[in-house]
Amino acid sequence: MYEWIRDGFRNIFNNLSARPDWRDAGMEATIEMSVYIYELMQWRKKEIAQIYDKYKSSLDDKLIPLDMLGRLLWYQIANQDPARTGLPELLKNHFKGAMGRDVLTSLLKDDRIRSNVFGTVTGAGVNPEEANMRVISSWLNLKEGIIPIKGSASFAGISKYLGRNLKDITLELLRLDPQGEVLLRAPAKDYEFDDDGRNDYSIKFFAGQKVLLAHGSAMFDENVIDDPCSFNMQRASESGASSQKAWNDGDDSRDYEELQSSVYLQHGIGRHICLGRYASEITMQEVLRGFAVFDAKHNLKIDETHRGEILDGDGLYVNSFWLVKK
């Protein structure tokens, strides 16, 4: 499964030069993993249907599987039940009225479930793996004094308030060692960017033109970020946050989302923000929380003799991450 994820992800997101060996390996991985997920769905569906039919007269939300595939299949089966007693009130309320049951039926087709699971598994494998490694690396570099701390704060003080400021600390650590520093995109139509009048210039992009978005270096722009090479636990609150509406040309369909700091661009910003943003942030925070406890007990540091082996030969995936006691 892990090899499928790596080969598929590399072809979908990293094969900018259209290397045929990456494409062939990626296509093979996509086909094999798709078949595997489909067969897994058929097996799980029978299992879940039996549970649903057995307890349908007195269904409880606790019966709903906790894993993504199982939950989606449960919703599919419950939606096909005329009584729909197995659907949580949230779903029933969300899809009632003008949208109707047909919308939910379409969203819960086998191919849609397979596609969602495939995309989640592919995106939630190698990406968080590298992000977690970079957060831990920054944490250890912060402890060693390699990364300076802004103001009078100390590593001991930051550690003390880790639980209270876990998200802000995690995102600041990732900013200091950003993952996937650039994105390559092509506009669908001509577009002129004027920076909301903050600077006396505008940039024109043309449909189909390749645009390199250097969000990694943007998070170190001294014109926007004060003392960008230092760690600042309060950076998010000091910089302010923007609702999705501010970035979506008046589209309020995502206004329910949590406010987002314009300093941290790892997951994008605005309409096309990464769909895995919340899962990624939670994963990084919990990894840091657990590692900080472990590090406090064992006092670790990065093994310099293996630092060059962290990423693979293509610089795309985590190869190994060696730590030793100080």
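Over the ring of which residue does the charged end of Arg175 sit? The ring belongs to Phe220, and the charged end of Arg175 lies 5.2 Å from its centre. A charge counts as sitting over a ring if NZ of Lys or CZ of Arg is within 6 Å of the ring centre and within 35 degrees of the ring normal.

A word on the model comes next. It is a predicted one, where local features need pLDDT of at least 70 and side-chain atom pairs count only at pLDDT 80 or more, while totals for chains, interfaces and linings use all residues. Residues are numbered from 1 along each chain as its sequence is written, and side-chain values use heavy atoms, with hydrogens and water left out.

Now for the overall picture. The protein has twelve helices and eight strands; these are DSSP runs (H or I, at least four residues, for helices; E, at least two, for strands), numbered from the N terminus. Of its 326 residues, 38% count as buried. Here buried means under 20% relative accessible area, exposed means over 50%, and partly exposed is in between, using a 1.4 Å probe and protein chains only. The accessible surface comes to about 19,100 Å², and carbon and sulfur atoms account for 55% of that; such areas come from the Shrake-Rupley method with a 1.4 Å probe, and for residues only the protein chains shown count as cover. Take the contacts (heavy atoms within 4.5 Å) between residues at least 6 apart in sequence: 60% of them join residues at least 24 apart.

Next up are the aromatic rings. A pair of aromatic rings is described by the distance of the centres and the angle of the planes. Rings of Phe, Tyr and Trp (its six-membered ring) pair if their centres lie within 6.5 Å; planes under 30 degrees apart count as stacked, over 60 as edge-to-face and the rest as tilted. By this rule there are four aromatic pairs. One of them joins Trp4 and Tyr36, whose centres are 5.8 Å apart and whose planes meet at 55 degrees, so this pair is tilted. It links distant parts of the chain, with Trp4 in helix α1 (residues 2-14) and Tyr36 in helix α2 (residues 20-55), 32 residues apart. Trp4 is partly exposed at 22% relative accessible area, and Tyr36 is partly exposed too, at 40%. Trp139 and Phe155 also make a tilted pair, 4.8 Å from centre to centre with 55 degrees between the planes. Trp139 lies in helix α7 (residues 126-144) and Phe155 in helix α8 (residues 155-160), so parts 16 residues apart in sequence are tied together. Both Trp139 and Phe155 are buried.

Then there are the charged partners. A salt bridge is a side-chain nitrogen of Lys or Arg within 4 Å of a carboxyl oxygen of Asp or Glu, and the whole structure holds 16 of them. Among them is the bridge between Arg19 and Asp21, with 2.7 Å between the closest N and O atoms. Arg19 is partly exposed at 32%, as is Asp21 at 39%. In the bridge between Asp24 and Arg23, the closest N and O atoms are 3.4 Å apart.

Glu144 pairs up with Lys326, and here the closest N and O atoms are 3.0 Å apart. Since Glu144 lies in helix α7 and Lys326 in the segment after β8 (323-325), this bridge ties together parts that are 182 residues apart in sequence. Glu144 is partly exposed, at 36%, whereas Lys326 counts as exposed, at 53%. Elsewhere, a network of salt bridges links Arg44, Glu47 and Asp67.
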